[in-house]
Amino acid sequence: MGQIIKGKPVADAITEQLAKDVEELKGKGITPKLTIMRIGENPSDLSYERGALKRYAKVGIDTEVKAYPENISQEEFIEEIKKVNEDNKTHGILIFRPLPKQMDEDIIKHVISPEKDMDCFSPINVAKLMSGDKTGFPPCTPTAVIEILKHYNVDMKGKNAVVIGRSMVVGKPVSMLLLDENATVTICHSRTKNMAEIASKADILVVGVGKAKMVTKDYVGKDAVVIDVGINVDEEGKLCGDVDTEDCLERASLITPVPAGVGSVTTSILGKHVIKACKAQNNL
Ligand SMILES: NC(=O)C1=CN([C@@H]2O[C@H](COP(=O)(O)OP(=O)(O)OC[C@H]3O[C@@H](n4cnc5c(N)ncnc54)[C@H](OP(=O)(O)O)[C@@H]3O)[C@@H](O)[C@H]2O)C=CC1
Ligand SMILES: Nc1nc(=O)c2c([nH]1)NC[C@@H]1CN(c3ccc(C(=O)N[C@@H](CCC(=O)O)C(=O)O)cc3)C=[N+]21
């Protein structure tokens, strides 16, 4: 019988270090600041925002939310990003994605300043992620996956890692980060054949698909570690992941739950990025 591994202890360990880093910066007269840019009122954006505001109030990271109406034009939004880029008090920027349909992400991604881009939106940070350059900012959720594996002492070196999903938000970046940890990585997607068979060969299975409880025990090899990135709502309106946790527990060794899994670590990684940006911008 496997064990459920929660995100909270991981998030708490990171937050403890964050509080120390903030104190040190404040001793130098610097207050780290994050500006969140949100368009509309998407529930999953609001959930992330709530989590971030709560955590940063505790550690002392100044957090400003700039909320815009759903129908803001691309031109206006670009002007707003430029203003925040130039705001000397702001060290980090988070723009919630996906953006509404009147926006072209392939245009907007070039506007955000790479030094302030906390979630790998800028092509500069994407390139740094691909080349393993540690001066950039990898996206927070994939980084949270790696931090959870490290926290629970899961050895990645030489292990078979299977990632289901290939988006720029979850699947592709988490695959690159696993590769950096010397795992042997296989990426599955909607056209993959025999997916359960491939997945069941994994020592580490990372799932970011967006399909409630899609991953059942036939995807899970004996004693595999399963990381569930999905955030979905089930038939009863409850939050659930992409993994059928109950079903998979009999074969897996460790499984992250949803809620209280990867999502809760994402906000602490974002805080870590803000500190890193703040230090870099102050030549520390
Ligand atoms: N915990 C957190 O902090 C976060 C959680 N999430 C959650 O993670 C999940 C994934 O998000 P995101 O990557 O943005 O989603 P996208 O919809 O952008 O990507 C989904 C990926 O899954 C693949 N896929 C879809 N259906 C299947 C299937 N039946 N079999 C195999 N692969 C499939 C798609 O393949 P193809 O490319 O072929 O279409 C695609 O690569 C969502 O539930 C989202 O809510 C997202 C961000 C943060
Ligand atoms: N550029 C960008 N990057 C993202 O990573 C991104 C995004 N846009 N848009 C929205 C989605 C959603 N998302 C969540 C992150 C954490 C929680 C989280 O902390 N969840 C808590 C519950 C928090 C609560 O609801 O109070 C939990 O799972 O336990 C939720 C959702 C990141 N996303």
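Let's start between the domains. Domain 1, residues 29-115, and domain 2, residues 140-263, both give residues to the shell around ligand 2, so ligand 2 lies between them. One caution before I go on: this is a predicted model.

Stay with ligand 2. It is surrounded by 18 residues. The closest are Ser47, Tyr48, Gly51, Pro259 and Gly263. Which helices each supply at least two residues of this shell? They are H2 at 43-59, H6 at 140-151 and H10 at 262-281. H2 gives the most, with six residues.

Now the domains themselves. The protein is divided into two stretches, 29-115 for domain 1 and 140-263 for domain 2. How far apart are their centres? Taken over C-alpha atoms, 28 Å separate them.

On to ligand 1. Here 23 residues surround the ligand. Gly165, Ser167, His189, Ser190 and Gly210 are the closest. H10 turns up again. It gives the most to the shell around ligand 1, with three residues. By class, the ligand 1 shell splits into twelve polar, eight nonpolar and three charged residues.

Next, a helix pair. Helix H1, residues 8-27, packs on H6 at an angle of about 100°. Their axes are 10 Å apart. That makes H1 roughly perpendicular to H6. Which residues meet there? From H1, we have Pro9, Val10, Ala13 and Ile14. From H6, we have Glu147, Ile148 and His151. Five residues of this contact are nonpolar, one is polar and one is charged.

Last, the whole protein. The secondary structure comes to ten helices and eleven strands. The radius of gyration is 19 Å, close to the 19 Å that the globule rule gives for 284 residues, so the protein is as compact as a globular protein of that length. Along the principal axes, the C-alpha atoms fill a box of roughly 50 × 40 × 40 Å.

First, ligand 2, with Ser47 and Pro259 among its closest residues. Second, ligand 1, with His189 among its closest residues. Third, the contact of H1 with H6, where Ile14 and Ile148 are among the residues that meet.

Terms used: Residues are numbered from 1 along each chain as its sequence is written. Chains are lettered from A and ligands numbered from 1 in the order in which they are written. This is a predicted model: local features need pLDDT of at least 70, side-chain atom pairs count only at pLDDT 80 or more; totals for chains, interfaces and linings use all residues. A residue is near a molecule or strand if its C-beta atom, placed from the backbone, lies within 6 Å of it. Helices (H or I, at least four residues) and strands (E, at least two) are DSSP runs, numbered from the N terminus. Domain bounds come from an automatic or database domain assignment. Axes are lines fitted to C-alpha atoms, for helices over the stretch in contact, and angles run from 0 to 180 degrees between N-to-C directions. Angles under 35 degrees count as roughly parallel, over 145 as roughly antiparallel, 65 to 115 as roughly perpendicular and the rest as oblique. Two residues are in contact if their C-beta atoms, placed from the backbone, lie within 7 Å. Ala, Val, Leu, Ile, Met, Phe, Trp, Tyr, Cys and Pro count as nonpolar, Asp, Glu, Lys and Arg as charged, and the others, Gly among them, as polar. The radius of gyration is taken over C-alpha atoms; the globule rule is 2.2 Å times the number of residues to the power 0.38.
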